[in-house]
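Have the sequence and the model at hand.

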Amino acid sequence: MVRVKDNAGRIVDKTITVKLTNTTSETLVNILQNLPKATSGSGLYEVSHDGATFGDRTGETEISNFQKTELRYAGSNAKNYILFNNELWQIIGYLNTSSGQKVKIISTKEYTGTNGVYNSSGTLQWSTSTLKISLNTPFYNVIGQLYRNSIDSTTWNLYRWDYSTVADADLIYQYEKQKNSANLNTEYEWRGNIGLIVPSDYAYATIGGETNDREACLNAVHNWNLYTKTMTDCIYNNWMFRNVDMWTMIIQRSSSSVVNVITSFNGAFGNRGPALENQVKVYPALYLKNTVSISGGTGSKDDPYVVEV
């Protein structure tokens with residue numbers, strides 16, 4: 001039994017019947033690597049970072065273990081569901097971290113432990129924020145021990161940027177991953193178990209549509225806007241769009257008093273003050289160890305991948 005939202009947005013209990021697709025378990029990493037890669041429509045995409053330099057942009061120091069290709073789910077029907085801690089989560093992809101590529105997942109269930117507050121007081125940094133503390137203590141502690149053993153404590157990149165000044169997904173990604181003259185003297189990274197999405201996670205989750213294809217969407221993220229009805233197919237064909245304001249981990253560079261968010265108003269990026277209550281939603285994210293195995297499932301909502309514990 002898991003808790004999910006029905007079509008009216010209400011939280012309901014639902015029984016999920018898992019169809020075992022393999023007689024033996026297989027690591028999730030192997031499953032993702034062996035899946036057919038999408039070139040159109042919803043599915044698992046290869047995202048190329050050829051030509052990108054990660055690290056200290058002021059000196060162009062390459063981070064040697066960053067791979068030039070990631071795997072990311074995109075589209076409104078991505079079939080990326082996974083049953084973790086007996087709850088539905090969704091796989092963002094097999095992504096770069098400073099300690100190698102790992103599978104990142106996001107909960108489908110809103111976390112309400114801070115009433116939506118990012119940080120209640122003090123200097124605005126993720127590492128000392130109200131939300132970080134709550135996610136990595138009470139939230140983490142209620143996860144079953146066997147599932148906690150599947151979580152990979154990871155170094156998360158926290159390089160700041162301004163949503164209004166970065167146009168395309170690839171540049172957003174690079175800004176999140178490297179130090180540069182525009183985000184000096186800030187918190188660069190944090191090591192821990194539970195975090196949130198970063199803006200590039202949302203940007204890469206689109207496939208576009210008939211008016212604007214995936215490439216057009218990724219090249220003009222700053223133009224996505226439901227309010228002005230601009231490039232809306234980039235938003236509606238994005239599995240991560242939930243029609244709510246949603247926190248990311250990234251604090252705005254030009255003003256340390258606001259955080260970059262995904263907004264329901266325009267379906268793209270905006271910012272909000274960190275002390276707001278009951279206005280911005282929290283959806284926890286985490287990285288899984290590469291040794292995590294899957295005992296069954298196909299990735300659909302009714303037949304999610306099942307983490308073997």
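## Loops and a disulfide

Methionine 231 sits in the loop between α6 (214-219) and α7 (233-236). Helices (H or I, at least four residues) and strands (E, at least two) are DSSP runs, numbered from the N terminus. This is a predicted model, where local features need pLDDT of at least 70, side-chain atom pairs count only at pLDDT 80 or more, and totals for chains, interfaces and linings use all residues. Residues are numbered from 1 along each chain as its sequence is written, and side-chain values use heavy atoms, with hydrogens and water left out.

Most residues other than glycine have a negative phi. Methionine 231 has a positive one, about 55°. Asparagine 278 also has a positive phi and is not a glycine. Asparagine 278 belongs to the loop between β16 (269-272) and β17 (285-288).

Burial is judged by relative accessible area: buried is under 20%, exposed over 50%, partly exposed in between (1.4 Å probe, protein chains only).

| Residue | Phi | Relative accessible area |
|---|---|---|
| Methionine 231 | about 55° | 12%, buried |
| Asparagine 278 | about 55° | 58%, exposed |

How many disulfides are there? The count is one, taking a disulfide as a pair of cysteine sulfur atoms within 2.5 Å. Cysteine 217 and cysteine 234 form it, with sulfur atoms 2.0 Å apart. Cysteine 217 lies in helix α6 and cysteine 234 in helix α7, so the pair ties together parts 17 residues apart in sequence. The torsion about their S-S bond is about -85°, so the disulfide is left-handed. Both cysteine 217 and cysteine 234 are buried.
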